[in-house]
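Open the model in your viewer and keep the selection panel at hand. The stops below go from single residues to the whole chain.

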Amino acid sequence: MRYILQIYSNSAPEQFATLSEEQQQAVLSEYFAISQAPGVTGGDQLQPATTATTVRVEDGRTLTTDGPFAETKEALGGYYLLEADDLDAAIELAARIPAARMGGAIEVRPLVER
């Protein structure tokens, strides 16, 4: 089964900023280790939500809006793509993502298999 592990940073960036340089490097190393974990097939950090453009099509016209559609406390900060045997394995890896313990949340969602 394939899963996306969506990282909602919430207050994690603020907590990260309070860490020493050595602690920050340790956290970054954790993210890198997860990207190299068995079954992880991709992933990346995203630019802040303020850099987003929202696209809609109404009556055949393309409409764009700067930023996310709705103001939200939880912004998607990054993701990993994971091939795992089951949901429990995906949850186990999600729990290792530093943002999960730094005020953020990880949404584990299965991908549609076609």
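**First stop: Thr-53**

Select Thr-53, which is partly exposed at a relative accessible area of 48%; buried means under 20%, exposed over 50% and partly exposed in between, with a 1.4 Å probe and protein chains only. This is a predicted model, in which local features need pLDDT of at least 70 and side-chain atom pairs count only at pLDDT 80 or more, while totals for chains, interfaces and linings use all residues. Residues are numbered from 1 along each chain as its sequence is written, and side-chain values use heavy atoms, with hydrogens and water left out.

Thr-53 belongs to strand 3, residues 53-58. Helices (H or I, at least four residues) and strands (E, at least two) are DSSP runs, numbered from the N terminus. Now show what surrounds Thr-53: apart from neighbours within four places in sequence, it contacts Thr-64, Thr-65, Asp-66 and Gly-67, a contact being heavy atoms within 4.5 Å.

**Second stop: Ser-9**

Move to the loop between strand 1 (2-8) and helix 1 (12-17), where Ser-9 is placed. Ser-9 counts as buried because its relative accessibility is 19%. Neighbours within four places in sequence aside, Ser-9 is in contact with Ala-75, Gly-77, Gly-103 and Gly-104.

Select Leu-5, Tyr-80, Leu-82, Leu-93, Ile-97 and Ile-106, the residues with the most contacts inside the largest nonpolar core, which has 18 residues. Such a core is a set of buried Ala, Val, Leu, Ile, Met, Phe, Trp, Tyr and Cys residues joined through side-chain atoms within 4.5 Å. Strand 1, helix 2 (21-35), strand 5 (76-83) and helix 3 (87-94) are the elements that give two or more residues to this core.

Which residues does Leu-93 touch, not counting those up to four places away in sequence? Leu-93 touches Leu-5, Ile-34, Ala-37, Val-40 and Leu-82.

**Last stop: the whole chain**

Zoom out and colour by secondary structure: there are three helices and six strands, in the order β-α-α-β-β-β-β-α-β along the sequence. The C-alpha trace spans about 50 × 40 × 20 Å along its principal axes. Of the 114 residues in the chain, 25% are buried. Among contacts with a separation of 6 or more, 75% come from residues 24 or more positions apart.
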